[in-house]
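The sequence and the structure are shown first.

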Amino acid sequence: MKRLNLNAISRSKLNMWLWGWFMVAPTIIGLLILNIIPIFQTIYLSLFKSGDFGKGNVFVGVDNYVRMFGDAQVWHAVVNTIAYTLMVVPVSVALAIIIAVLLNGKVKGKSLFRTIYFIPMIAAPAAVTMVWRWLYNPQFGLINYGLVQAGLDPVKWTTDPQVALIAISIIGIWSIFGYNMVLLLASLQEIPRDYYEASDIDGASKLQQFFIVTIPLVTPTLFFVFVTTIIQSMQVFDVIYMMIDVTNPAYERTVSLVYLFYNNSFKYMDKGYGSSIIVLLLAMIMIFTYFQLKAEKKWVHYR
């Protein structure tokens, strides 16, 4: 009897194990085909120089990396990518948590506001950028019209090297904070009311509750939001590509690593060099993520 029970348990566990792998198989296969395999293909391609018309690749070893580290434009792109990330991430996360807290209260039309804030995330990037291009237009754009009406000088939002990256960062913040807000709002709704009632008894103000109760209890979601927003910001491409071309005076101050990869790989047909640039970006993202994972234990509180 004991042997039969053991066999039944082992079969049951095997069944659960097989069903578990069956359920996660589509995700694993998708990750392998769309993410893991292309990473190794890109690293392999970075060791070659593309032949004429993109054919007949020639093995050059680390020459592409030597060339990349001596390329001033690559370092401009690194600085621009990091600067864009530093502008977008803190502001978008701060806006997301503030609006999530407000919408978590008793607000009329709460569902409507959630939908409105989330729309930029599902809107086509091309359509979004075209609207912002019109808003930023130096002659008849709505933003400059408002500045002129207020007695201020119009701004060359997309051609002034000092302003262009800030203008692009505004679009990035507007596009991402709604998604982060929805994630944080879901986390806020999981906080038991007992914590707030106890803090009310202790005489804590709403502001004190925000920093003492709310923030610590949503840190797991905040951590996820920070990691994903940093990764997404460092891969910025579509907005810059549609707003700034290579002849734009602000190109050097706005070009990102992904934009530089695109230009080298598909405009100049040097896929080997383009691959080395994207490998650099991958290394940067891995370093940033590693330090975030190391810092997680110091500020993330799991209930």
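Between which two helices does the loop that holds Met269 lie? Met269 is in the loop between helix 13 (257-267) and helix 14 (271-299), where helices are DSSP runs of H or I with at least four residues, numbered from the N terminus.

## Basis of the model

The model is predicted: local features need pLDDT of at least 70, side-chain atom pairs count only at pLDDT 80 or more, and totals for chains, interfaces and linings use all residues. Residues are numbered from 1 along each chain as its sequence is written, and side-chain values use heavy atoms, with hydrogens and water left out.

## The loop and the salt bridge

Most residues other than glycine have a negative phi. Met269, although not a glycine, has a positive phi of about 55 degrees. Met269 is partly exposed at a relative accessible area of 35% (buried is under 20%, exposed over 50%, partly exposed in between; 1.4 Å probe, protein chains only).

The structure holds one salt bridge, defined as a side-chain nitrogen of Lys or Arg within 4 Å of a carboxyl oxygen of Asp or Glu. Its partners are Asp270 and Arg67, at 2.9 Å from N to O. Asp270 belongs to the loop between helix 13 and helix 14 and Arg67 to helix 2 (residues 63-69), so the pair ties together parts 203 residues apart in sequence. Asp270 is buried, at 9% relative accessibility, whereas Arg67 is partly exposed, at 40%.
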